[in-house]
Amino acid sequence: MSTATPLASVTTSGAVTTRLPREVDSFATYISFGLAYVLGHGAAAVSQGAAPLLDLPGWLPTTLLGIGLVAGTVQATLAAVRAQRGATKPDVLSGQLLGVSWITAFAALFIAVTGLVSTLDMPDLQSTLLPTGSGLIVGLLYLAEGAVRRNLLHYSLGTWLALTSTAALFLGTPGLYWVLTIAGGGAYALAAILERRRLTRTSHVRT
């Protein structure tokens, strides 16, 4: 993934010019993840608890969340690949390592939650730890990506997701789903707007 370090290249006349690396466009990624939070966690929020607002199939919230997360992951991968075109080898390696970190982090989360549920014999714990833990993992990965890219918006979004997702643990169901829907989905919506403005400003600076 690209960083803010300029790349130097030599023209045919021997003059050295400065070529800036491409920015990672996270607009589509933010939209996809935002919809996953609003539709997936939102469906869980209105259909769970002692007095659910809607009678929805149990598989629907998970399916909606999964579709949105897969779409967001694909968008993030495509954006990272586009940004790596013409990047230096260290930048490409950083992007590849960050990409692998997503797989490692979520595999570790699944193992940890499965182990806790099995050890404590509390199946209901999974419905609490998986959504909040996923938000924590995404937030921490955004912190790392934001630091590597020197992208304050990405870093700030990661901070917000990590804190609100873990704070939601103080609430039972469906309260934690409401927090994830409003705080998480709302943050992604705001980030999408700010991302478009950030890219517009960046393009003006480069031209």
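Keep in mind that the model is predicted.

Let's start with charge. Side chains of opposite charge can pair when their charged atoms come close. How many salt bridges does the count come to? The count is two.

Take Glu 145 and Arg 149. Their side chains form a salt bridge, with 3.6 Å from N to O. Both residues sit in helix H4, which covers residues 125-149. They are four residues apart, so about one helical turn separates them. Now, are these residues buried or exposed? Glu 145 is buried, at a relative accessible area of 3%. Arg 149 is buried too, at 9%. The cut-off for buried is under 20%.

Now the other bridge. Glu 195 and Arg 198 pair through their side chains, at 2.9 Å from N to O. Find them in helix H6, residues 175-206. Glu 195 and Arg 198 are both buried.

Next, two polar side chains. Thr 132 belongs to helix H4. Thr 132 is buried, with a relative accessible area of 4%. What lies 2.7 Å from a polar atom of its side chain? That is the backbone oxygen of Thr 128.

You will find Ser 47 in helix H1, residues 27-47. Its relative accessibility is 16%. Buried means under 20%, so Ser 47 counts as buried. A polar atom of the Ser 47 side chain lies 2.6 Å from the backbone oxygen of Ala 43. Setting aside residues up to four places away in sequence, Ser 47 touches Pro 52, Leu 54, Leu 56 and Pro 61.

Ser 47 brings us to a helix pair. H1 packs with helix H2, residues 59-83. Their axes are 8 Å apart, and the angle is about 170°. Which way does that make H1 run relative to H2, roughly parallel or roughly antiparallel? Angles over 145 degrees count as roughly antiparallel, so H1 is roughly antiparallel to H2. By class, this contact has 13 nonpolar, nine polar and no charged residues. On the H1 side, the residues include Phe 33, Tyr 37, His 41 and Ser 47. On the H2 side, they include Pro 61, Leu 65, Gly 68 and Gln 75.

Last stop: the loops. Start between helix H5, residues 152-167, and H6. Pro 174 is in that loop. The peptide bond from Thr 173 to Pro 174 is cis, and its omega is near 5°.

Now look at phi. Asp 121 has phi near 55°, a positive value in a residue other than glycine. Asp 121 is in the loop between helix H3, residues 89-120, and H4. Is Asp 121 buried or exposed? At 62% relative accessibility, Asp 121 counts as exposed.

Arg 150 also has a positive phi, near 60°, and is not glycine. Its place is the loop between H4 and H5. Arg 150 counts as exposed, at 54% relative accessibility. The cut-off for exposed is over 50%.

That's the tour.

Key
Residues are numbered from 1 along each chain as its sequence is written. This is a predicted model: local features need pLDDT of at least 70, side-chain atom pairs count only at pLDDT 80 or more; totals for chains, interfaces and linings use all residues. Side-chain values use heavy atoms; hydrogens and water are left out. A salt bridge is a side-chain nitrogen of Lys or Arg within 4 Å of a carboxyl oxygen of Asp or Glu. Buried means under 20% relative accessible area, exposed over 50%, partly exposed in between (1.4 Å probe, protein chains only). A polar contact is a pair of N or O atoms within 3.5 Å; within protein, one must be able to donate a hydrogen and the other to accept it, and residues adjacent in sequence count only if both atoms are side-chain atoms. Contact means heavy atoms within 4.5 Å. Axes are lines fitted to C-alpha atoms, for helices over the stretch in contact, and angles run from 0 to 180 degrees between N-to-C directions. Angles under 35 degrees count as roughly parallel, over 145 as roughly antiparallel, 65 to 115 as roughly perpendicular and the rest as oblique. Ala, Val, Leu, Ile, Met, Phe, Trp, Tyr, Cys and Pro count as nonpolar, Asp, Glu, Lys and Arg as charged, and the others, Gly among them, as polar.
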